[in-house]
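Here are my notes for you on this structure. Take them one at a time, with the picture open beside you.

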Amino acid sequence: MAGVTFEHVYKRFGEITAVSDFDLEIPDKEFLVLVGPSGCGKSTTLRMLAGLEEITEGTIRIGDRDVTHVPAKDRDIAMVFQSYALYPHMTVYDNMAFGLTLRKVPKDEIRCRVEDAGRILGIEALLDRKPRALSGGQRQRVALGRAIVRDPAVFLFDEPLSNLDAKLRVQTRAEISKLHHRLGTTFIYVTHDQVEAMTMATRIVVMRAGLIMQVGTPGQLYDHPTNMFVAGFIGSPAMNFFTGTVVHEEGRLFLDLEGFRLPVPDDRRRDVEAFTGNAIVAGMRPENIHAEGFSPPGISSSTVQAEVVVTELLGNETIAYLQMGEHEFLARLDPRVQTRPGQNINLAVDIDRVHIFDPESEDALGTTKPQTAPV
Amino acid sequence: MSRRVEDVRGEGALAPASLRRDSLSEMMKRQFRRLPLHLLLIFFVVIWSIPTIALLVSSLREPGDVVTSGWWNALAHPFDITLQNYEDVLSTRDMDKAFINSLLITIPSTFFVVLVAAFAAYAFAWMDFPGRNALFILMVALLVVPLQMTLIPVLRLYTEISDIRIPLLGTPFDDDMPLLGGRVFGTNSYIGIWMAHTAYGLPFAIYLLRNFFGSLPRDILESAYIDGASDAGIFFKLILPLSMPAIAALTIFQFLWVWNDLLVSLILLGDPELAPMTLKISSLVSSFGTQYQLLTAAAFISMALPLVIFFALQRYFVQGILAGSVKG
C-alpha cells in the first residue's frame, strides 16, 4: 500500500516531448484515472511509472521510495494491459502464478493466492484452461487475477476495457470499482473514454499534448472545468460553445452571443467585468438548456428561441440538435417535449450554469456555482 | 458474436433435408470446378517424385540390370529386387563411417546455429543497445555474400591455425593414434567444420528468428518483465516456447543444408576419415563411375534421414516458412 508521487517528470523522444512537467501527488488508496485523447501522453506517463519507459527528467516515488531508476520488477507494481498480455502457452493457473514463481514464493502459498484471486473474479473453474479457450471477458479477468495475486503496492491499468464489447465494458467497469474498494490499494488507470473516467475515478487527470490540463474529482471536472479543453472533453454529449462579447448596458453585464443575449449573474460579475467589450466563449452543457415550461424549479434562466434541426428520442430524454443564427448546438430536453424538425422552440438557459472562457488562453473566467439539486 | 455463431449453427441443425442436399451438390460442384487444379497438382507431384522413385528402384536392382535397362523395367518384375547394393555400400565403401561422420558434423552445426541465432535474434528484437540497427543491417547484408568467395580466405586461416594440437582429442576413427594428438582447430577437425557451418548459417538464421521474435506481442514481454522475469527468464520461459514453429523450421533448414553440403566439406575436410556422406558419394562417382547400383544405394541412404526429419516436422516446417510474415 503506497501513494505515488511524480515530481516534474518529463519524457522526450528525440525532439518530441511526450510528457511535460508532470507533477502530481497520488495519495494511498486513490483510484486515479488519466484521461485524454490519443497521443496526449497518458500511457507514456503510466509506462514511466511502471518502469517500461526511461524518465528523461524528474523523479517518481512509490511511497517514500525513489523508483526513478529502479527496474520494473522491483517497483512493487502490477499492470493490466489492453491486450490482456496473457502467456498463450500457459494455463490460467500458470499465468497467474508466473510472477509469484519467479519471486520464489512457496508453492502452497501460490496455490492459495491464485485460488483466492480466482474466487474473487469468478474464474476458479477456468484455472486449467489455456488463454485461447477463454472469451475476451474471461481473459480480462485472468489479467486482473494475475495482478491481484502479486498483491502490489500500486495497480496500473492501461486501457483494460478497450477490447471488450460495450455491455461487458460496463459490467467490468463496475467490477474494477468493486475490486478497488475490496483491495484498498492505489489504482492508476489510463483511458481515453471519459465515461470510464467519470464512473470509476476518485480523481481524474485530464491530459492534452503531454500537459496536465486539470486534476480533480469527477464532480469538480464536470462542474468547474478550468479550461475549454476539459469542458469540452468531459461530458457526453459535449458542452456547447458560443463565441461572443461582454457588453455593459444600463449598469448590467450581458453576454452578447451573436443572436441572443444572456445576462451575467451578479456573483459572476467580478470575473467577467474586466472583459467588457472583449471576446469571450460561453459554454453550456446540453442538460442546462431546457424547453420552456419543462425547466426545473428554482433556476434563474433566460429565454432564447432556436430552430429544431433533428431530434433523437432516447426514452428518458430527447437530444435536440438546434440552430440559432450561426450557432448549432445540442440540448437534452424533457422527453415530453413535443417538437418536430423545422419548428421553432423556446428554450430556457440556466444562466448560473453558463461557463465563460477567455478565447485566447482558453482558461475559464472565475468558476461557476456548484450544482445543487433542485428542491 | 458468439451468440450469432450459435444461431447459425442452430439453423443448420434444423435445416430441411432438401437444403442439406443442395449444399452437398453445391460442394460437389465446387470440387468439380477445382478438378483441373487438382489434376495439375497431381501431375507436378508425379514429375517431381520420379527422380526419387527412380533412385530408389535403381538402388534395389541387380548390378547388371542397372546398366542394361531402364529403371522402370524393374516395375514389371516386382520380385526381382535385392538389398545387396546397400550391404556392399555400407560394408566395403565405408559408407557407415561416412553416415556417422555426417551426423557428427550436422548435429552440432545445427545446434550451434539455432542456439547462437536465438540469443542474437532476441537481442536484436527486444534489447536496446547502441548500434543495434547498424549491426542488424550488417548481418542481413552478409546474406548476399556468396559462400564461394569466403572459401579461400577461410581455408588459409584454417591452415594456419590447424597446427594447434591438443593431446587426448582426435578423430574417432583415427586408428593409428586413437584419441591422441588429433587436430582440434582448422582444417580436418570437427570444431573447424562446425565453426564454418555455424558462421555460414547464422545470417539467415538470425534474420529468420529476429523477424519471428519481433512479431511476438510486446505486451506479453513487458508483462513478464513487470512480473519479475529477467531477460534470460523471458527468453527461456516465453520466447523459446512461443517460437517453436520458427525454431523447428530453422532446425530443418540448417540440418538439410549441412547434411547436403559438399562444397564446404570438400574444401575443409581432406582427411577421408572425417568425410561425410556427400564427400563419399562424390568419390563414388569418380572412382566407381560405372557402378550405378552402388551410387544409387549410397544416395538413397543419404536422403533417408532428411526425409524422416522432414516428415516428422513438416507441420512446423510449413508454419515456419510463413514465420513472421503473417501475424497471429
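1. Start with pLDDT, which is the predictor's confidence in each residue, from 0 to 100. This is a predicted model, where local features need pLDDT of at least 70, side-chain atom pairs count only at pLDDT 80 or more, and totals for chains, interfaces and linings use all residues. Residues are numbered from 1 along each chain as its sequence is written, while chains are lettered from A and ligands numbered from 1 in the order in which they are written.

2. Where in chain B is confidence lowest, and where highest? It is lowest in helix 1 (residues 2–14) of chain B, with a mean of 39, and highest in helix 6 (residues 132–141) of chain B, at 93. Helices (H or I, at least four residues) and strands (E, at least two) are DSSP runs, numbered from the N terminus. Residues 1–16 of chain B have pLDDT below 50, and beyond near neighbours in sequence this stretch has two contacts in the model. A contact means that the C-beta atoms of two residues, placed from the backbone, lie within 7 Å.

3. Now look at where the chains meet: 18 residues from chain A and 15 residues from chain B take part in the contact. On the side of chain A that touches chain B, strand 6 (77–80) and helix 2 (92–102) of chain A are the elements giving two or more residues. For the complex, the predictor reports an ipTM of 0.82 and a pTM of 0.78.

4. Chain A also has an open sheet of four strands, in the order 2-1-4-5, with antiparallel pairing; two strands pair if DSSP finds at least two bridges between them. Strand 2 (16–26) and strand 5 (65–66) of chain A each have a single partner strand, so one side of each is left without a neighbour in the sheet.
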